Amino acid sequence: MNENSLAIRKFSDLANPTRFLGLSALVLPWLAVLSAVLLAIGLYLSFTTEGDYQQGETVRIMYVHVPAAWLSMMCYTVMAISALGTLVWRHPLADVAARAAAPIGASFTLLALVTGSLWGKPMWGTWWVWDARLTSVFVLFLMYLGLIALNRAMDEPGKAAKASAVLILVGFVNIPIIKFSVEWWNTLHQPASVLRLDGPTIDPEFLWPLLVMAAAFTVLFFTLHIAAMRNEIWRRRVTSMRRQAARSAGREA
Amino acid sequence: MPIRLVVEGLSAQRGEDLIFHDISFVLSAGQAVVVTGPNGSGKSTLLRVLAGLLETLSGTVRLEGAPAEIGHPRELCHYLGHRNAMKRELTVTENLAFWKSFMGDSANGHGVGIEAAVEAVGLAGISHLPFGYLSAGQQRRMAMAKLLVAYRPIWLLDEPTAALDASADRLFAGLTTQHLAAGGIVVAATHQPLGVEAMELRMTGFASVGEELI
Amino acid sequence: MISLFLRDLKLSVRAGGGALIGVLFFLTVVAVVPFAVGPDLNLLSRIGPAILWIGALLASLLGLDRLFQAEREDGSLDLMLMQETPLVVTVLVKCLAHWTATGLPLVIASPVLGLFMNMSEIAIGATMLTLLVGTPAVTLIGAAGAAVAVTLPRGGLLVSILVLPLAIPVLIFGVSASYAAVEDPAPFLPPLMILLAITLFFAVIGPLAAALALRSASD
């Protein structure tokens, strides 16, 4: 038995929700500790670095705003991969993953919108402008809420799974639009300054706290996501046990 | 004074069609009548007229000896129609608690508690589940528990035992007998024998061919 | 009666309930407007109150058709018709519950959308106040429409068509009060009082008409 098939077997082992619960119970505390440590370091760095000479103290909003915005897009990407998993591979956990990610993604998007709004008021003189970046992120937020509403509207998880998977994949079109909106259209929002082909244009003074915060947010996302997936699995088990209880009740009477 | 349900010369139509004509009967406390007849003979219409949900064409439905001032006889009636009047999204307890508090008790009687009612229909232990999780037969039995949580002297039952198995049939017959023994009145439309001592009102399916009380 | 209120609230927040959908619809409708009229902030702040009102009006029509239809489908309506409690009171309580579940969230969400529309703080406050006073009227008028259309299999659209023309006075005074708050010469209080009067008027007329329609719709 070679390496490769072992890896495949490990992956399909994960498909079993019980295995997933066992494994995630081991991993989850470590992830939680790691995200707490990273967040602590990141926040410490964010508040000890010097302020920008133009923006003053408000620049510190960036350390929350930018990672939250990245995560809002990454979360949707995770959901899109899960949706593929549901439709193509019929992976039993894919639907659980997509469903659990939606509220987390909505929270990160809301955080990005709110912090951006707080930053925009002193910088641009207004809470909100309808430029391409802001608008497309807002549309992303609406899509998250729509997906949550769709999941809530259907009480049969099996039926909801395919419908929301299709919707997620259709909505994935929005992600590249958000990413490149600042380059395609001339907007008020500044263009990307970290992830660039010709290297970051941002000063290292700001780059380090930002990168640590981004790492912290990413680990935080996976911590929350795995915890939410566990909840979702338990919730489905409770539901099926309740149905079982309803079927067996009164039969002996 | 025990109550009497007096029906005199009752006729009803649905749309333009005359459904039945000139039905009269009197039920005293403790009596039951089973309305029989082929499909479309007007059994359900009769019950809905008695429940005050349809206008009468002529004739009267009267309640004599009502314990308190009432506006219409329907206020002292339970109506169990084809549909269960329960919400799928709410738990059984929430459903029953709502009807118990919304309907209240008629004078001279008390509804039983929710747990007691659920136990009386033989489904103790699943009242915390959403109503939608239950099977059709269980839902019907829970709808019957509704008859017990709020007291009404008169029960109008439309095909009460349709989705029920034999044991639930017997259980329901027991509940009906208890209600009659306590001075209640039951009007039930059904194809199957109800399993209680009752008069029979045979609907012939066409108006004016003399509905008769056997 | 409190039990009816609580039950309807529970139903609207449980799975498949309409409480979240209404706010989401409101958000979406208002968010679409800048795409149509262009992102000019001055223009948006000028038409903001009107847009918020139209969005709230449309959003509060959502789900109105289910107000009595859901009760009718599972047979609950029959039982409600039979009770000693006057049907008018039952209808009024159902309207209050429906408004609390769908109208109140719109009022609470409106300041956020006001920021999107670049409205001033005073304009946002005034619009929120007028929405608070005016949206119950829409629900109460809607109840009459919903009761008329209760027996129709696809009453949803019809309810909107029946109700929207009747809701025009609410829209007129709601929007004019919101504008009066920001534009100096016009007084704010009179249109607000008229709006309040309309709401109180429909609090009587709406349930009465709905009760009448429900009684005659029973078959």
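Trainee: What is the area buried between chain B and chain C?

Mentor: About 2,400 Å², with carbon and sulfur atoms giving 57%. Buried area is the accessible area (1.4 Å probe) that two parts lose on being put together, summed over both. B:Lys87, B:Phe98 and B:Phe102 supply 27% of what chain B buries against chain C, more than any other three residues. This is a predicted model: local features need pLDDT of at least 70, side-chain atom pairs count only at pLDDT 80 or more, and totals for chains, interfaces and linings use all residues. Residues are numbered from 1 along each chain as its sequence is written, chains are lettered from A in the order in which they are written, and side-chain values use heavy atoms, without hydrogens and water.

Trainee: How many residues of chain B are in contact with chain C?

Mentor: 26 residues of chain B, against 26 residues of chain C. Contact means heavy atoms within 4.5 Å.

Trainee: Why is the pair B:Arg48 and C:Asp78 called a salt bridge?

Mentor: The term requires a side-chain nitrogen of Lys or Arg within 4 Å of a carboxyl oxygen of Asp or Glu. The closest N and O atoms of B:Arg48 and C:Asp78 are 3.0 Å apart, so the pair qualifies. The count between chain B and chain C is four salt bridges.

Trainee: What makes A:Thr135 buried or exposed?

Mentor: Buried means under 20% relative accessible area, exposed over 50%, partly exposed in between (1.4 Å probe, protein chains only). A:Thr135 has 6%, so A:Thr135 is buried. Leaving aside neighbours within four places in sequence, A:Thr135 is in contact with A:Trp128, A:Trp130 and C:Phe35.
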